[in-house]
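This briefing covers a cavity, a helix and a domain division. The structure comes first, then the notes.

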Amino acid sequence: MTNQPAAEVRELVKRYPKSPTNAVDGLSFTVERGEVFGLLGPNGAGKTTTVGVLTTRVLPTGGSARVTGLDVVADAVAVRSRLAVVPQRVNLDRSLSVRDNLIFHAAYHGVGRAERNCRADALLDRMGLQDKAKAVVDDLSGGQSQRVMIARGLMHRPEVLFLDEPSTGLDPQARLFVHDQVRELRDEGVTIVLTTHDMDEAQKLSDRVGIVDHGKLLTLDTPGGLIRSLPGCGTVEVTVAPGTESADELVARLIELPGVERVEQLAAAPPSGVPSDMPPIPNGPGRIAAPPAPAGVDRDIRLRLYVDTEPAALVGPVVALLGSHDAQVSDLSLGEPSLEDIFISLTGRDLR
Amino acid sequence: MTITGNGQLVERTTSAGPWRAFLAVLGRDIFVTGKELPAFLAQVLVQPFFFLLVFVVVLGRGGFVSPDYGSIMLPGLLAMNAMFAALQAVAFPLVFEFSWSREIEDRLLAPMPIPLVAVEKIAYASLRGLVASVLMVPIGMLMIDTHWPASGLGPALLMVVLGALLGATMGMVIGTAVPPRRINILFAVIFTPLMFTGSVQYPWHSLTDLRWFQVISALNPLTYVSEGVRAALVPQVPHLPLWLCIVVAAAAVVVLALLGIRGFLRRALD
């Protein structure tokens with residue numbers, strides 16, 4: 001049974017009653033055992049519905065979904081014993097203390113009395129909640145509630161943990177704590193399915209990321225693979241004072257450089273920018289020889305180069321080329337593509 | 001199902017698991033009730049106590065009601081207490097658990113079929129109704145002078161159990177049908193009419209000269225519980241036949257349970 005994927009959806013379709021479109025529209029992907037799988041998408045993209053199907057709370061209209069090889073509809077009860085859900089909104093039992101939340105959850109899952117007491121204490125300790133064991137849920141902060149929900153989910157030793165927007169509304173400390181816990185759980189072999197629209201979080205935590213929109217899977221790869229798949233997304237931004245040649249001529253020369261896909265002239269350098277008497281960046285054989293431009297010069301131009309290689313590799317050639325045409329570089333910065341660029345390029349900028 | 005290294009676990013969670021989970025959830029509800037015992041007692045005993053105090057002791061003292069009225073009203077109050085304690089134990093928590101607190105989610109993710117979660121709610125609420133009704137007996141006995149035949153205790157208990165089940169299943173229907181923003185109208189539109197057309201405060205046969213109200217009372221399933229308890233405990237008062245009370249109450253329980261569980265599934269699963 002352990003050779004079965006942790007989760008698998010095949011041609012999954014979900015249409016809610018009264019809805020004109022499918023919330024999930026032929027989605028297929030597989031979550032391997034032991035990985036952190038990030039499910040990304042804009043609001044309303046179908047992430048929550050997909051996770052709802054996998055966690056047996058939403059009935060699929062078509063296709064199939066399996067968790068640890070078990071069908072989520074036919075074997076719903078068995079599936080529930082294999083998974084745990086940490087929702088975005090607090091759903092702890094307000095009539096019970098923090099520790100009793102853990103204890104009763106374990107009891108629902110058939111964990112024996114001795115083991116659930118022992119495990120509750122261990123998990124409270126691990127989540128830094130020892131002194132909150134007797135606290136009532138209403139007295140907890142957002143971060144504490146979330147930690148209690150993670151601890152609760154772990155009480156019955158799930159094979160797959162579903163984390164829904166784990167750091168929404170948390171302060172940076174709580175966020176980092178949750179991130180550390182995700183990594184630790186992964187090291188312990190727990191499969192984690194993470195839904196988020198926080199790119200930074202997805203990039204940091206996920207082994208693989210699936211981006212969904214309009215109920216369809218747009219792409220699925222490692223964060224690194226996704227970033228590499230987007231050509232022209234790395235950028236080199238350079239501020240120069242043109243010498244003998246005009247801005248357009250410089251652009252025409254830069255575009256000839258190997259690796260440069262596109263060059264865009266940006267608005268003029270901001271007045272609060274780099275002082276114009278700053279020494280030019282010494283870089284490589286083509287040292288900039290032009291004398292410093294006079295202070296307060298307003299003929300600086302800013303160019304952004306879209307590149308399809310490592311942006312750092314182009315620093316030398318760019319500075320050399322500009323220097324050889326008497327253009328003085330006063331500022332240069334590199335832009336690495338991020339998952340956000342992939343996300344926006346795939347799902348667009350429209351508000352949902 | 002493949003049984004492998006962890007076959008033990010698979011076996012447990014798929015066969016014995018659901019009932020074990022059922023008992024654990026029931027255990028949680030009883031544990032919470034134990035923690036909130038004074039609140040529970042106040043919730044189920046204060047209202048019927050005042051009913052008896054005003055209608056029997058206060059009004060009886062001035063001769064506004066006959067001295068026998070207490071023995072007519074107490075069985076009605078036992079029925080009402082069973083039904084309303086159970087109804088409130090399901091309806092209110094359910095409205096909030098499905099919307100605001102979402103507490104129900106942890107139960108819906110327990111390894112048990114979803115209808116069993118609903119059945120547990122009904123079972124727990126019925127227990128609560130039964131206890132509320134039984135606790136009313138000594139209070140009533142102290143406040144009024146009445147005598148019950150020993151042979152009637154068994155049928156009376158049966159009717160009280162049916163009354164509790166009736167309240168619990170009705171609570172399931174209401175709790176899954178009423179959105180939280182409408183909860184305040186429950187009292188005015190549902191509870192009050194139910195409470196005052198259920199033959200709690202009057203024997204159904206006494207309404208022959210008020211036909212329209214008798215018909216309305218006959219439509220309220222609580223009438224059959226009140227009349228059934230009366231038939232068992234004070235048989236000298238004219239009452240509906242016990243068998244009719246049992247049949248109608250049981251049929252209402254079945255219908256409401258099916259409707260309630262259907263409503264529960266609709267709310268629990270998308």
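The largest cavity is lined by Asn91(A), Leu92(A), Asp93(A), Leu96(A), Asn101(A), Phe104(A), Tyr108(A), Arg28(B), Glu97(B), Glu103(B), Asp106(B) and Arg107(B). A cavity is a set of points on a 1 Å grid over the protein atoms alone where a 1.4 Å probe fits but cannot get out, and lining residues have an atom within 4 Å of a point. The model is predicted: local features need pLDDT of at least 70, side-chain atom pairs count only at pLDDT 80 or more, and totals for chains, interfaces and linings use all residues. Residues are numbered from 1 along each chain as its sequence is written.

**Largest cavity**
- About 100 Å³ of space lies in this cavity, and the count of cavities of 30 Å³ or more is 4.
- Its lining holds 4 nonpolar, 2 polar and 6 charged residues.
- Helix 3 (98-108) of chain A and helix 5 (104-108) of chain B each supply at least two lining residues; helices are DSSP runs (H or I, at least four residues) numbered from the N terminus.
- Helix 3 of chain A gives the largest share, 3 residues.

**Helix 6 of chain A**
- Its buried residues (under 20% relative accessible area, 1.4 Å probe, protein chains only) are Ala174(A), Arg175(A), Val178(A), His179(A), Gln181(A), Val182(A) and Leu185(A).
- These residues lie on the same side of helix 6 of chain A because they cover an arc of only 160 degrees around the axis.
- On the other side, Pro172(A), Gln173(A) and Asp187(A) are exposed (over 50%).

**Domains**
- Chain A is divided into domain 1 (7-227) and domain 2 (234-336), with bounds from an automatic or database domain assignment.
- Their centres, taken over C-alpha atoms, are 47 Å apart.

Terms used. Chains lettered and ligands numbered in written order. Heavy atoms only, no water. 1 Å grid on protein atoms, 1.4 Å probe; cavity = no way out; pocket = protein on both sides within 12 Å on 5 of 7 lines; lining within 4 Å. Points joined across faces, edges and corners; volume = space filled by probe spheres on them. Nonpolar A, V, L, I, M, F, W, Y, C, P; charged D, E, K, R; others polar. Arc of directions from axis to C-beta.
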